[in-house]
Amino acid sequence: MAQITRFTPIDEMFDDLLRGFFVRPVGFEGAQGGAAPAQMKLDVREDDKAYTVHADLPGVKKEDIQVHIDGNQVSLAAEVRREKEVKEGERALRSERYMGRVARSFSLAAEVDANASQAKYADGVLELVLPKKTVPGAKQITIL
């Protein structure tokens with residue numbers, strides 16, 4: 001006999017809230033004061049001719065960003081460099097600034113024309129315009 005349980009998302013959220021409060025009431029996301037890896041947030045839009053991608057990369061230099069396009073696969077990578085400043089006589093209690101590499105890959109529904117693609121980087125946002133490859137139209141042939 002199958003056992004059926006009722007799913008109530010409110011109960012789950014309440015349990016998570018209490019578990020988080022009593023287990024780690026003053027906890028932070030990073031472990032032992034270390035920073036959690038940065039994540040790249042994306043917006044992808046589409047029209048008839050192209051895809052437009054906006055990626056948040058705050059604090060990254062334009063030279064440290066790589067974009068690779070292979071068919072319908074798009075890969076973004078960036079080197080995040082943040083200097084830690086600890087002066088003599090001080091100790092860091094919390095450091096949330098991340099230093100390292102972030103990367104993100106995703107697939108699009110149509111292949112991208114890599115030669116006609118454009119990229120701009122301003123104010124911490126990378127904007128990609130990725131034109132769709134034109135598929136040759138169908139051709140009807142005459143049977144002899």
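**Labels and their cut-offs**

Guide: Lysine 132 lies over the face of tyrosine 51, at 5.0 Å from the ring centre. This is a predicted model: local features need pLDDT of at least 70, side-chain atom pairs count only at pLDDT 80 or more, and totals for chains, interfaces and linings use all residues. Residues are numbered from 1 along each chain as its sequence is written, and side-chain values use heavy atoms, without hydrogens and water.

Visitor: What makes lysine 132 count as lying over the face of tyrosine 51?

Guide: A charge sits over a ring if NZ of Lys or CZ of Arg is within 6 Å of the ring centre and within 35 degrees of the ring normal. Lysine 132 is at 5.0 Å from the centre of the tyrosine 51 ring.

Visitor: Why is leucine 130 called buried?

Guide: Its relative accessible area is 1%. Buried means under 20%, exposed over 50%, partly exposed in between (1.4 Å probe, protein chains only), so leucine 130 is buried.

Visitor: Which residues does leucine 130 touch?

Guide: Among them are Ala50, Tyr51, Ile69 and Leu108, not counting residues up to four places away in sequence. Contact means heavy atoms within 4.5 Å.

Visitor: How do you know that S4 and S5 pair?

Guide: Strands are DSSP runs (E, at least two residues), numbered from the N terminus. Two strands pair if DSSP finds at least two bridges between them. S4 (residues 73–80) and S5 have 8 bridges, in the antiparallel sense, so they pair. Alanine 78 stands opposite valine 102 in S5.

Definitions and conventions:
Helices (H or I, at least four residues) and strands (E, at least two) are DSSP runs, numbered from the N terminus.
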